[in-house]
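Welcome, and thanks for taking a look with me. Below are some notes on side-chain contacts to read beside the model.

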There are 2 protein chains.
Amino acid sequence: MLPFFQEEFGNPGSIHSKGQSAKNALEKARRSVAEILNCEPEEIIFTSGGSESDNLALNGILKKDDHLIISAIEHPAVLHVAEILEQNGIELTKIPVEKNGILKIEKIEKAIHPNTKLISVMLANNEIGTLQPLREIGKFLQKNHPGILLHTDAVQGGGILDLNVKHLKVDFLSLSAHKFYGPKGVGILFKKKGVKLNPQISGGSQERSLRAGTENVAGIVGCVKALALAEKSRNKEFIRLKKLQNYFVEKVLAEIPKTRLNGDAEKRLPGNANFSFFGIEGESILLRLDFEGIAASTGSACASGSLDPSHVLQALKIPHDWLHGSIRFTLGKSTTKKDLDFVVAKLKKIVKDLRAISPLV
Amino acid sequence: MLPFFQEEFGNPGSIHSKGQSAKNALEKARRSVAEILNCEPEEIIFTSGGSESDNLALNGILKKDDHLIISAIEHPAVLHVAEILEQNGIELTKIPVEKNGILKIEKIEKAIHPNTKLISVMLANNEIGTLQPLREIGKFLQKNHPGILLHTDAVQGGGILDLNVKHLKVDFLSLSAHKFYGPKGVGILFKKKGVKLNPQISGGSQERSLRAGTENVAGIVGCVKALALAEKSRNKEFIRLKKLQNYFVEKVLAEIPKTRLNGDAEKRLPGNANFSFFGIEGESILLRLDFEGIAASTGSACASGSLDPSHVLQALKIPHDWLHGSIRFTLGKSTTKKDLDFVVAKLKKIVKDLRAISPLV
């Protein structure tokens, strides 16, 4: 990224050679991400992040009286937009998930009617990591409802799941660079060729007039480099994390009583472990963990500031006395077995201490 | 910016200390820009750039049947949004500018009617650099129409003009980091306290729920540092550039026959020199200049790819045989008198050569 903050400072919209050099870097990045997603370079729109990509897909497609189907556990960048669209005359159906956090395709099937324009289902959930049956949904739509568009918020899957849009059979796919160790403030929206989209930010003719604004060249270069690096070791890293995840989950459940894993044990991101600890507050666990140098989360970073349990955990119908004691751990590329042993040891003591002063236990 | 790409990688939305450390950096940046703009930190919204800021101000305010007034030479990020809003039931008035590229306040006065909700006039034009009478407009509105909101696209003025919102008396002000030597992909929108704004990107509760998406911490830190640096030497740099500009403009007009300066000679950005050369094509001049290592522009980078003269130059009623031979030069912090002598020498020869093969001359 560094040269693009310094000597390569051209604006890709400028005709002079400094501009064209920046434009070349931008188009090289576009070809590289297209290769990973197995699509055409002109099907890639660079945005400022996953939220903008999600917003663009929904806002850019739907018109009054269109019907939109989403899962009940979508990221707020889909959920809130859908609710705003509903206020503006779009019909919205939220499909509940099963207790394991996974959506049944039959429920989508039942919700479809002649006005259904778009279905938006996330590839993997940001809080509980559960994987939705995207390929099956894509296959089903292609066979039975080829006119209905399919969007997936694949932000959590970036760099760790297969993002081949031909496998997923999606029309739109959102990504965010910082989820695969790229810079914050850069996102990608795949838009299938031929699908008409209205821009959300209008002005200049950047990104084929689908997203105005001088391109964040350094950020885009960094985003795509990070994705390419992740893609190279994706399968190996998936297996490594899956083993660590199993080790961690089993150890936590075995060593800490009255603990449950939220979301399907198998069909989940290999880096996600979301637990509920009976009778205590997630926030207190988190602050104690932080004191030990362990970074965890209660809900999602995007929903911080709210004391209510997230819509995702609520959708799993977790009993109330468990719900508030929920904590998400994320395993990443630097995580080792030794780290996890350290976390379990600390966590065990913290949960015990907090339960000792809890009125519920 | 560098630490925020590396060790300080926290998400400002996370409660743990890595997150809080990022949040502190973000809020420190917010206080710093608020100081420069003479506003409250909570009146600052960080965006992905000037275009997003402009779009957010217009889209976030206007509802069906509202009346919007803009100048005819606004940046496309205002102009195109205004035209889209017009298609969706907003009444739009475009105020023409005089031949010097400056708008007469009486024409705004005449256009105002009871439904007028927002007036959007740029602080300085991106092609011809002309300065609009923003303070006078602000003063006039405050006195006569305190209910009408005022937005200014101040992108071109960032780091070189006074951005004090109390002086300008604006309710909204847009900035873009790369215009004052900050990184691309970061913008600022000042929104006056108490003015209700609908978000354009919805989802998480970032930026007081007015702009969802994980904050581009490194970019924001860089943006605000660049603005603070520019602010420190702003007056000195203004005077230095103004002298260079006068020298350059006089020399070009004196040494190259049939040349005109577009836009008011005095009331313009000190770094902007936009000329028309009779009978030749701007694109050809630009390519020849580029060959000599001189970066210039025909219109704006945001409108590249179009062969038509820009709406800005057209608004000045420049005769047709001059219009296509228009070139914009931008003087910046590294520009010296020696550079300008070099440009004039090359430009003189290029214009002569091109006129020798022009059917018009």
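1. First, some ground rules. This is a predicted model, where local features need pLDDT of at least 70 and side-chain atom pairs count only at pLDDT 80 or more, while totals for chains, interfaces and linings use all residues. Residues are numbered from 1 along each chain as its sequence is written, chains are lettered from A and ligands numbered from 1 in the order in which they are written, and side-chain values use heavy atoms, leaving out hydrogens and water.

2. Now to the rings. Rings of Phe, Tyr and Trp (its six-membered ring) pair if their centres lie within 6.5 Å, with planes under 30 degrees apart called stacked, over 60 edge-to-face and the rest tilted. The count comes to 11 aromatic pairs over all chains. One of them joins Phe248(A) and Phe329(A), edge-to-face, at 5.3 Å centre to centre and 85° between the planes. Phe248(A) belongs to helix α9 and Phe329(A) to strand β10, 81 residues apart (helices, H or I with at least four residues, and strands, E with at least two, are DSSP runs numbered from the N terminus). Both Phe248(A) and Phe329(A) are buried (buried means under 20% relative accessible area, exposed over 50%, partly exposed in between, with a 1.4 Å probe and protein chains only).

3. A charge can also meet a ring: the charged end of Lys258(A) sits over Phe278(A), 4.4 Å from the ring centre (NZ of Lys or CZ of Arg must be within 6 Å of the ring centre and within 35 degrees of the ring normal). In chain B, Lys337(B) sits likewise over the ring of Tyr247(B), at 4.7 Å from its centre.

4. Arg211(B) and Glu52(B) are both buried.

5. Finally, the cysteines. Zero disulfides are found over all chains (the cut-off is a pair of cysteine sulfur atoms within 2.5 Å). For Cys39(A), the nearest cysteine sulfur is that of Cys223(A), 13 Å away. Cys39(A) is buried, at 10% relative accessible area.
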